[in-house]
Amino acid sequence: MLETASPLYDDLIPGGSHWSFIMRRGHVLRLIDETGHANVGMLMYNPENPLERYNMPDTLKNQHTFKLTRGHVLLSDMGRVFASIIRDDLGWHDTVSGTCNAELVAHRWGRKTYQQAHNQYHRNGLSSFLNELAKYGLGKKDLTANLNWFSRVKTDDAGNMTYVSDHSHAGATVDLRFEMDTIVVLHTCPHPLDSAADYPSHPLRYQLFRASPVTDADPCKTSSPEATRAFANTALYHLMP
Amino acid sequence: MIKESALNPETASFRETVPAGEYFLKVVQAGETLRILDLEGNQAADTLFYNAHNPTERYSVTDTLRAQGNVYLTAGSRLMSSENNVMLEITADTCGRHDTLGGACAAESNTTRYALEKKCMHACRDSWLVAVTEHEELGMTKRDITHNINFFMNVPVTADGGLTFADGISDAGKYVEMEARMDVLVMISNCPQLNNPCNGWNPTPIEVLVWS
């Protein structure tokens with residue numbers, strides 16, 4: 001259905017940038033890797049109570065997974081579902097590697113200031129998150145393990161992590177259906193394990209759609225008993241006046 | 001990696017037994033060595049670290065994993081802060097592997113992982129929230145409760161992206177030891193988890209030792 005529907009909103013965020021907005025429940029956020037090789041760092045908070053935020057350990061251990069893909073739900077620390085992954089063209093997204101900081105970007109790709117490069121200056125993910133978080137009265141204490149959409153980091157038996165450099169391609173799409181109102185904070189700065197020679201700067205196209213109603217047979221809701229219970233907690237939250 | 005310590009518990013400057021379900025809070029100075037000892041085996045010590053002078057800087061799972069390029073902690077691991085500074089380095093480990101991906105139990109995560117009715121069971125996040133509310137001088141709140149290390153827990157990641165909770169690899173008398181590289185506030189919840197077999201449904205005490 002979403003394949004043919006016209007988006008309610010369509011926007012492009014340049015590479016190496018940051019932005020944030022509130023997603024309302026019952027809507028879909030479509031993320032599109034416009035040119036390939038994108039990385040999109042993301043954090044999520046409850047606008048009614050920002051102490052409720054995306055929780056990487058709860059998301060992974062509830063679903064017995066190290067990677068995120070279609071069928072998984074993104075959990076808050078309060079046992080509720082911020083969003084369900086209802087489409088994924090790639091099969092693997094990272095949520096354990098964190099984000100690049102100023103030192104890492106300067107070390108790997110050189111420091112490029114605004115004075116030198118204007119809006120092509122080398123932003124980093126950590127500063128980008130803090131810049132957006134401040135708009136909601138949030139700060140360093142609210143940082144948590146983030147999502148890295150379109151990026152894959154695999155491990156071997158000894159736990160060694162490897163960044164897969166050719167993972168995403170132009171047009172790769174992820175659809176997130178929001179089950180709660182959510183502050184979405186994002187950046188298009190490089191993945192912290194990307195070793196590309198030049199500062200990776202890849203834009204994100206994002207679109208908003210109205211979601212179809214969530215039925216009891218919804219694949220994300222029934223993907224695991226843990227997800228079913230998280231949906232029950234979310235439904236209870238919405239009963240509260 | 002198994003690496004034994006040369007330190008003698010008899011010469012420790014500090015020793016305290018922490019019963020299951022209790023919290024432990026102490027500042028360890030730069031240069032001091034901290035040991036967490038699994039007294040009876042298969043216990044999890046859920047641990048957070050903060051810069052003792054500015055708790056806004058705290059242990060970061062993502063910075064630690066990225067810095068060492070590995071998802072497990074053991075001897076040689078450097079525990080990194082949210083400001084990308086080394087907080088502590090693991091200098092001895094007789095367990096061989098510790099988890100930092102699984103997070104801590106909370107009333108709310110118990111509802112999703114086990115059953116909605118489990119919400120009133122005591123959990124690690126409760127212990128930490130008690131710790132910060134009983135120590136207002138620290139100026140800490142739930143905002144400061146973040147991702148932790150589960151010392152003595154084994155949570156293997158598979159090559160195809162799975163996450164499994166394996167039997168404990170710890171045993172009575174196993175320990176992990178780390179040297180502080182900055183003055184750190186150590187906050188442990190000695191796990192009270194009763195819903196999974198990681199501790200044989202029998203949470204047990206740990207001992208914390210410090211050498212100056």
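A residue counts as buried under 20% relative accessible area, as exposed over 50%, and as partly exposed in between. The model is predicted.

**Exercise 1.** Classify B:Arg143 and A:Asp142 by accessibility, and determine where their salt bridge lies.

*Solution.* 
1. The closest N and O atoms of B:Arg143 and A:Asp142 are 2.3 Å apart, and a salt bridge requires a distance within 4 Å.
2. B:Arg143 has a relative accessible area of 27%, so this residue is partly exposed.
3. A:Asp142 has a value of 1% and is therefore buried.
4. B:Arg143 belongs to the loop between H3 and S8 of chain B, and A:Asp142 to the loop between H4 and S8 of chain A; the pair therefore joins two chains.

**Exercise 2.** Determine whether A:Asp216 and A:Lys221, which form a salt bridge, are buried or exposed.

*Solution.* 
1. The closest N and O atoms of this pair are 3.2 Å apart.
2. A:Asp216 is exposed because its relative accessibility is 67%.
3. A:Lys221, at 19%, is therefore buried.

**Exercise 3.** Locate A:Asp77 relative to the sheet and identify its salt-bridge network.

*Solution.* 
1. The open antiparallel sheet of chain A has the strand order S1-S13-S3-S11-S7-S6, with S1 and S6 at its edges.
2. Three bridges join S6(A) to S7(A), and A:Asp77 lies in the loop between these strands.
3. A:Asp77 forms a salt bridge with B:Lys142 (2.8 Å, N to O), and both residues are buried.
4. The network links A:Asp77, B:Glu108, B:Arg125 and B:Lys142.

Technical notes
Residues are numbered from 1 along each chain as its sequence is written. Chains are lettered from A and ligands numbered from 1 in the order in which they are written. This is a predicted model: local features need pLDDT of at least 70, side-chain atom pairs count only at pLDDT 80 or more; totals for chains, interfaces and linings use all residues. Side-chain values use heavy atoms; hydrogens and water are left out. Two strands pair if DSSP finds at least two bridges between them. Helices (H or I, at least four residues) and strands (E, at least two) are DSSP runs, numbered from the N terminus. A salt bridge is a side-chain nitrogen of Lys or Arg within 4 Å of a carboxyl oxygen of Asp or Glu. Buried means under 20% relative accessible area, exposed over 50%, partly exposed in between (1.4 Å probe, protein chains only).
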